[in-house]
Amino acid sequence: MTILDGKKVSNDIKEEIAEHVSGMKAKGEKVPHLAAVLVGSDGASMTYVNAKVKACERIGFESTLIELPEYTSEEELLEKINELNTNDDIDGFIVQLPLPEQIDEQKILMAIDPDKDVDGFHPVNVGRMALDLPTFLPATPYGILELLERYQVETSGKNVVVMGRSHIVGRPMSILMSQKRKAGDATVTVVHSRTKNLAEITKQADIIVAAIGISEFLTGDMVKEDVVVIDVGITRVPDATKKNGYRLAGDVDFASVSQKASYITPVPGGVGPMTIAMLLKNTLLARERRG
């Protein structure tokens with residue numbers, strides 16, 4: 001069994017980008033500039049955004065963090081997005097989700113300039129991805145493809161089961177894995193919490209991407225020998241043995257599934273670090289496109 005080490009691969013990618021950026025600086029070119037908008041003080045969101053800002057510093061990007069209070073109105077956030085859309089110094093930006101309930105997330109995502117949408121969530125970019133045209137791929141699915149590719153996991157002609165149908169992971173993952181690409185060319189089935197005979201389907205899978213949002217849902221008796229398992233979930237599970245009172249768990253019961261898997265991602269240290277690395281890759285692409 002091989003651990004798909006997202007932490008290591010993401011560090012490799014960051015080093016590759018840092019090298020590219022130092023080359024840009026040596027030529028006197030403008031370095032990529034990523035902005036992040038954080039509304040409110042959700043703990044997990046703050047952690048994610050701070051990790052993104054730190055990663056920018058490490059690889060030589062410029063970064064701007066815009067923190068807005070919880071009570072920010074939809075109109076105020078739309079004004080801020082318009083400012084970022086028209087600011088030539090900013091190459092790409094993200095609006096950290098989830099947003100407070102008074103703000104319509106869909107309206108916010110629609111307002112972002114597709115050419116600066118380095119999260120790859122704008123309908124224009126989702127459409128381009130579905131048609132296999134050059135675009136910003138959503139960072140988490142992009143990170144999974146990169147992980148499979150770098151570990152030379154064979155995907156062509158394989159049965160892939162994607163657990164979950166979210167716009168952020170499940171749906172784009174199913175499209176990308178079915179396309180003609182290095183980490184793709186697979187036969188893809190999408191399942192979710194209402195799928196009948198779910199375990200019968202997962203037992204047929206050569207590769208499983210678990211993004212169903214239910215802690216430790218996929219267990220060893222639901223998979224076949226030598227399966228490749230990508231765990232996208234991350235949940236805090238109460239654990240009295242831990243100093244902070246909890247441990248981090250994914251959508252996969254690692255203890256039982258790892259007994260059968262040929263490759264598996266850990267939680268934490270699997271998909272999470274890859275997401276940030278691919279966001280940086282998208283920002284570099286945005287800078288290069290802007291010339």
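Which exposed residues does the face of α3 turned away from its buried side carry? That face carries E75 and T86, where exposed means over 50% relative accessible area, buried under 20% and partly exposed in between, with a 1.4 Å probe and protein chains only.

The legends below describe a predicted model, in which local features need pLDDT of at least 70, side-chain atom pairs count only at pLDDT 80 or more, and totals for chains, interfaces and linings use all residues. Residues are numbered from 1 along each chain as its sequence is written, and side-chain values use heavy atoms, with hydrogens and water left out.

View 1. Helix α3 covers residues 74-86; helices (H or I, at least four residues) and strands (E, at least two) are DSSP runs, numbered from the N terminus. The end C-alpha atoms of α3 are 19 Å apart, which agrees with the 18 Å that its 13 residues should span at 1.5 Å a residue. That expected span is 1.5 Å times one less than the number of residues. Buried in α3 are E74, L77, I81, L84 and N85. Seen down the helix axis, these buried residues fall within an arc of 100°, so they line one face of α3; the arc is that of the directions from the helix axis to the C-beta atoms. Their packing partners are β2, β3, β4 (92-95) and α4 (105-111), with contact meaning heavy atoms within 4.5 Å.

**View 2. The largest cavity.** The structure holds 1 cavity of 30 Å³ or more. A cavity is a set of points, on a 1 Å grid over the protein atoms alone, where a 1.4 Å probe fits but cannot get out; a pocket is an open set with protein on both sides within 12 Å along at least five of seven lines; lining residues have an atom within 4 Å of a point. The volume of the largest cavity is about 40 Å³, a volume being the space filled by probe spheres set on the points, which are joined across faces, edges and corners. Its lining consists of L34, A35, A36, V49, K52, V53, C56, S63, T64 and I94. Two or more of the lining residues come from each of β2 (33-39), α2 (43-59) and β3 (62-68). The largest share, 4 residues, is that of α2. By class, the lining of this cavity has 7 nonpolar, 2 polar and 1 charged residues; Ala, Val, Leu, Ile, Met, Phe, Trp, Tyr, Cys and Pro count as nonpolar, Asp, Glu, Lys and Arg as charged, and the others, Gly among them, as polar.

**View 3. The largest pocket.** This pocket has a volume of about 1600 Å³. Of its 48 lining residues, Y48, V232, I234, G272 and T275 are the closest to its centre. Elements giving two or more residues to the lining are α1 (6-26), α2, α6 (139-150), β9 (235-238), β10 (246-249) and α10 (271-290). With 8 residues, α2 gives the most. The lining of the largest pocket divides into 25 nonpolar, 15 polar and 8 charged residues.

**View 4. The second largest pocket.** About 290 Å³ of space lies here. The lining has 16 residues, and Q106, L109, F121, H167 and I168 lie nearest the centre. At least two lining residues are supplied by each of α4, α5 (123-130) and α7 (170-178). The class counts for the second largest pocket are 10 nonpolar, 4 polar and 2 charged.

View 5. Buried in α7 are G170, P172, M173, S174, L176 and M177. These residues pack against α5, α6, β5 (159-163), β6 and β7 (207-210). The loop between α7 and β6 (187-191) contains K182, which is exposed at a relative accessible area of 68%. Not counting residues up to four places away in sequence, K182 touches E149 and T155. K182 and Q152 are 30 residues apart in sequence, with their C-alpha atoms 9.3 Å apart. D185 is found in the loop between α7 and β6; its phi is near 60°, a positive value in a residue other than glycine. D185 is partly exposed, with 34% relative accessibility.

View 6. L97 and P98 are joined by a cis peptide bond with omega about 0°, and P98 is in the loop between β4 and α4. The bond from V267 to P268 is cis, with omega near -5°; P268 lies in the loop between β11 (263-264) and α10. D132, in the loop between α5 and α6, has a positive phi near 60°. The relative accessible area of D132 is 42%, which makes this residue partly exposed.
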